[in-house]
Amino acid sequence: MSLRSVVARAVPARLRPWLRRQAGRLRAPFHRGSAVTCPCCGGSFRAFLAGGVRRREGVRCPRCDSLERHRLVWLYLLRRTDLLSAPHRVLHVAPEPQFHERLADRANLDYVSADLASPLARERFDVVDIPYPDGSFDVVICNHVLEHVPDDARAMRELRRVLAPDGWAVLQTPVHSDREKTLEDPAVSDASERERLFGQPDHVRIYGRDFFERLEAAGFRVTRDRFARELSVEERTRYGLRKGEAVTVCTPG
Ligand SMILES: [Zn+2]
């Protein structure tokens with residue numbers, strides 16, 4: 001167990017986001033530079049740090065802990081949408097701290113964040129049972145959640161239900177594109193067995209390419225925006241992005 005995870009477990013959950021923010025603020029000045037820039041926090045650094053569930057070099061922002069996937073989605077939101085400039089009712093499920101800080105108190109947004117446990121979230125509810133009427137939100141952001149949810153079809157239907165007719169949703173999950181069908185087994189509940197089969201102790205499946213069909217079955221029209229490919233090599237390097245990573249954008253089908 002790493003020192004980082006020992007410290008994380010010793011600190012009450014409600015204090016962890018605050019502690020992470022303070023740690024980032026203390027750490028960032030030591031990494032200041034001009035080689036890379038994090039669009040999430042705006043910091044510029046000599047390099048990104050090692051990070052990720054499977055530890056990789058040069059991926060984590062020294063200040064806000066963003067990884068490639070956070071920076072890609074944030075750049076997408078900044079450049080491809082009017083999320084920060086026009087009025088929107090937003091549902092943010094399992095809010096990423098990097099986005100939450102930038103969205104929670106924006107004057108143009110009517111913002112709801114929700115999670116079963118995260119101290120950042122303002123509301124406690126399960127994504128399979130969203131306590132809002134149909135069409136309540138113009139924007140839904142729900143990233144790296146569905147691979148944790150046993151009844152993902154129900155969660156997808158709920159996300160679709162609360163989305164307004166002209167709304168859009170960003171629904172990122174890990175998708176193994178070399179796999180046609182999703183690997184899952186509801187009988188597997190043991191954490192170590194889940195880790196062996198699905199890659200993390202709290203994952204209940206590995207999505208294959210049929211992830212997008214599942215979204216369509218829930219009533220979404222799905223676009224995979226290969227936003228990173230349109231950026232120059234210099235930009236991808238500067239922002240620390242993966243060329244092949246797409247943004248899954250869903251609208252009512
Ligand atoms: Zn950052």
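**Exercise 1. Placement of the domains**

Determine how far apart the C-alpha centres of domain 1 and domain 2 lie in this predicted model.

Solution. Start from the division of the protein chain: domain 1 covers 3-66 and domain 2 covers 69-252. The C-alpha centres of these two domains are 22 Å apart. Next, list the residues in contact: domain 1 contributes 22 residues and domain 2 contributes 17 residues.

**Exercise 2. Area of the contact**

State the area buried between domain 1 and domain 2, and find which three residues of domain 1 supply more of its share than any other three.

Solution. The size of an interface is often expressed as the accessible area that is lost when the parts come together. Here the buried area is about 1,500 Å², with 55% of it from carbon and sulfur atoms. On the domain 1 side, T37, P39 and C40 account for 37% of the area buried against domain 2, more than any other three residues.

**Exercise 3. Polar links and the domain 1 side**

Count the salt bridges and the polar contacts between the domains, then describe the side of domain 1 that touches domain 2 by element and by class.

Solution. Between domain 1 and domain 2 there is 1 salt bridge. The side chains of R21 and E101 form a salt bridge, at 3.5 Å from N to O, inside the 4 Å cut-off. Polar contacts between the domains amount to 10 residue pairs, both residues at pLDDT 80 or more. Elements that each supply at least two residues to this side of domain 1 are helix 2 (16-27), strand 1 (32-37) and strand 4 (56-60). Of these, strand 1 gives the most, with 4 residues. By class, this side has 13 nonpolar, 3 polar and 6 charged residues.

**Exercise 4. An aromatic pair**

Classify the pair formed by the rings of Y76 and F227: stacked, tilted or edge-to-face?

Solution. The model has 6 aromatic pairs. For Y76 and F227, the ring centres are 6.0 Å apart and the planes stand at 90°, so the pair is edge-to-face. Y76 belongs to helix 3 (residues 68-80) and F227 to helix 8 (residues 227-230), and the pair links parts of the chain 151 residues apart.

**Exercise 5. A salt bridge between helices**

Solution. The salt bridges number 18. The side chains of E230 and R80 meet in a salt bridge, with N to O at 3.1 Å.

Conventions:
Residues numbered from 1 in each chain as written. Predicted model: local features only at pLDDT ≥ 70, side-chain atom pairs only at ≥ 80, totals over all residues. Heavy atoms only, no water. Domains from an automatic or database assignment. Contact = heavy atoms within 4.5 Å. Buried area = accessible area lost by both parts, 1.4 Å probe. Polar contact = N/O pair within 3.5 Å; in protein donor to acceptor, adjacent residues only side chain to side chain. Nonpolar A, V, L, I, M, F, W, Y, C, P; charged D, E, K, R; others polar. Phe/Tyr/Trp six-rings, centres within 6.5 Å; stacked < 30°, edge-to-face > 60°.
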